[in-house]
Amino acid sequence: MHRCLSVLEILELICSHLDGLQRWPALAALARTCRSFSGPALCVLWQTHLSLAPFLKLMPADLIRKSADFPRKWNLIRPITVSDWDRPNVFAPRVRELVLQSQDWNQVADIFPILSACAPLGVIFPNLRSLTCYIMSVEAANLPSIRSFFSLTLQEIKIICRWNVTSISLISALPITCPTVKHVSVSCTSSPGGLGRTTSLFVKGLHYLVSLSLGGAECNSAVISHLGQLSTLTKLELVSLPDIFSFPPTSTADLFPNLRTLSFSATEVVPVITFFSMCSDTPFALVFVTFKSHPTAADTERFFHILKLGRACATLQSLTLAPSYFASAPPDTANYILSGASLHNLAHFRALEHFNLWTLALDVDDTAVANLVASWPRLKTLHLVAMTIAMGQADPKTTLQSLWTIAKSCPDLTSLFLQIDATHIPTTHPIRVVQESLDELNVGLSTITEPTAVARYLSSLFPNLTNITTRYDGGTSEDDDEDDEPNPDGLGRRELWKQVESQIPHFVAARREEVAWGSL
């Protein structure tokens, strides 16, 4: 055997780079080849487990047995002895990642506490780093035994559970059992409310967090204040902010000093504005906010202004703002119309790569679009969507001219959602622009009358554009809302845009053929 294969790190790299359908047979073969390959191959084979069944099969056949009757639980047949751990001790230390499913855990919950108590090292998987628990359907009596997997070695834990006293108590014990955990994700459904104090106690006991995701849990000022002091925290995902909250005066100097990713999934705009005004020195890179109700144009403009004043102006790479799916539209939209002037503050975000804005109403023309994209040379995704236009209740003011401006200013753009008036085709431009990155265009219910002329125009700008979608491309079903039923005009526009999509490749091929002939 070559001397290189005696280096453990090389063998580990070889085993870790095996992939595809033949990965597991190849690793099993390597594990049986020789002692040098056996250890690294077994480590990869046993690194991740989606079920506890493979481990239980390592135990002696006369020690545990699966019952024949439903729900087919595992049961101890005889007392556990030291020799029963001979085989498990070879493989269990190699497990780094474990996923627990509800059905799987309900079957083994009766025996795992005693197995953990009798394990030579006090825990079954002494080197476990990541634990994911999908325990929505786990019986309440079986939940406490999951704690046998909580250990000092855990670096990442994800829990998806149903709200009950037992599950919340289990989560509250994390700071005691896993004080150095770095990545925590907790999603608790069917919560009756009143989780604020429990969540506060749980989060305030964790001091080494790198990422935190709390779904279905209430956060108060104490939680946010504690998280703001963590220099290790880089990712934070919360459902909402308290309507009224504040930080202690001594804690506002360096809040969230290294936070890069921030997400709110159902909050109001005013607490968000307050939050960002207190985090002016935070280097946000990705911000994702879903509002419980439609924010007014004044509040949205105020949010943009606050964001511009902070450090995020130079660091922000991705910004997504959208109302909740359940947000009801106000009877009068006059105070909700975002104008080009309202979006002017966004032009200061020079590092922006992804911008997604869903708003109730939009009053933006070609000039406003040109001013925005001229400041975003790195842009890769641009979704600028007005719901009144998407519903056919208003007409867009942007035209095909905006597409030329976007092509000129954003060479790396790959995905565009923009509602346009495509009834007038621009005849000339100052310079010829060819943007080869864009391959996806969503036009909503954009007006169009001459699909061939539009296809010729788009093919000259975006030769690699292969996918044009409209509002009705997802199809309809009996479950759709009555207000969302397709109208004949909308379906007619969809057919015209599909003609554009089908004709673009032919125009592109014709141009390339002309170039080829011209070079002869």
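Student: Is the crossing of α1 and α3 left-handed or right-handed?
Tutor: The α1 and α3 helices cross in a right-handed sense. Please bear in mind that this is a predicted model.

Student: At what angle do the axes of α1 and α3 cross?
Tutor: The angle is roughly 45°, and the axes of α1 (residues 8–16) and α3 (residues 35–45) come within 9 Å. That angle makes α1 oblique to α3.

Student: Which residues make that contact?
Tutor: From α1 the contact uses Leu8, Leu11, Glu12, Cys15 and Ser16, and from α3 it uses Ser36, Phe37, Pro40, Ala41 and Val44. By class, the contact of α1 with α3 has 7 nonpolar, 2 polar and 1 charged residues.

Student: Let me step back. How many helices and strands does the protein chain have?
Tutor: There are 19 helices and 21 strands in the protein chain. Its C-alpha trace spans about 85 × 65 × 50 Å along the principal axes.

Student: What percentage of the residues count as buried?
Tutor: Of the 520 residues in the protein chain, 47% count as buried.

Student: And of the contacts between residues at least 6 apart in sequence, what percentage join residues at least 24 apart?
Tutor: In the protein chain, that share is 77%.

Student: Back to helices. How do the axes of α18 and α19 meet?
Tutor: The axes of α18 (residues 451–461) and α19 (residues 488–518) come within 8 Å, with a crossing angle of roughly 50°. Helix α18 is therefore oblique to α19. The handedness of the α18 and α19 crossing is right-handed.

Student: Which residues of α18 and α19 make the contact?
Tutor: On the α18 side they are Pro451, Thr452, Val454, Ala455, Arg456, Leu458, Ser459 and Ser460. On the α19 side they are Leu496, Trp497, Gln499, Val500, Gln503, Ile504, Phe507, Val508 and Arg511. The contact of α18 with α19 divides into 10 nonpolar, 5 polar and 2 charged residues.

Student: Is Val508 buried or exposed?
Tutor: Val508, a residue of α19, counts as buried because its relative accessibility is 6%, and the cut-off for buried is under 20%.

Student: What does Val508 touch, not counting residues up to four places away in sequence?
Tutor: With those set aside, Val508 touches Ser459 and Pro463. Between Val508 and Ser460 the C-alpha to C-alpha distance is 7.4 Å, although they are 48 residues apart in sequence.

Student: Why is α17 described as largely enclosed by the rest of the structure?
Tutor: Because 8 of the 10 residues of α17 are buried. The buried residues are Leu400, Ser402, Leu403, Trp404, Thr405, Ile406, Ala407 and Ser409. Their cover includes α15, β16, β17 (415–418), β18 (421–422) and α18.

Student: You mentioned α15. Which of its residues are buried?
Tutor: In α15 (residues 366–373), Asp366, Ala368, Val369, Leu372 and Val373 are buried. They lie on the same side of α15, because they cover an arc of only 160° around the axis. These buried residues pack against β16 (381–386) and α17 (400–409).

Student: Now the strands. Where is Ser263, and what does it touch?
Tutor: Ser263 is in β10 (residues 261–267), and at 14% relative accessibility it counts as buried. Leaving out residues up to four places away in sequence, Ser263 touches Leu236, Glu237, Leu238 and Phe288.

Student: What about Ser318: buried or exposed?
Tutor: Ser318 is buried, with a relative accessible area of 11%. This serine lies in β12 (residues 318–323). Not counting residues up to four places away in sequence, Ser318 touches Ala285, Leu286, Val287, Leu352 and His354.

Student: One last residue. Is Pro79 buried or exposed?
Tutor: Pro79 counts as exposed, at 65% relative accessibility. Its place is the loop between β3 (74–76) and α5 (88–91).

Student: Which residues does Pro79 touch, not counting those up to four places away in sequence?
Tutor: On that basis, Pro79 touches Leu63 and Asp84. Pro79 and Leu63 are 16 residues apart in sequence, with 7.4 Å between their C-alpha atoms.

Technical notes:
Residues numbered from 1 in each chain as written. Predicted model: local features only at pLDDT ≥ 70, side-chain atom pairs only at ≥ 80, totals over all residues. Heavy atoms only, no water. Axes fitted to C-alpha atoms, helices over the stretch in contact; angles between N-to-C directions. Helix = DSSP H or I, 4+ residues; strand = E, 2+ residues; numbered from the N terminus. Parallel < 35°, antiparallel > 145°, perpendicular 65-115°, else oblique. Left-handed = near helix turned anticlockwise from the far one by under 90°. Contact = heavy atoms within 4.5 Å. Nonpolar A, V, L, I, M, F, W, Y, C, P; charged D, E, K, R; others polar. Buried < 20%, exposed > 50% of the residue type's maximum accessible area, 1.4 Å probe, protein only. Arc of directions from axis to C-beta.
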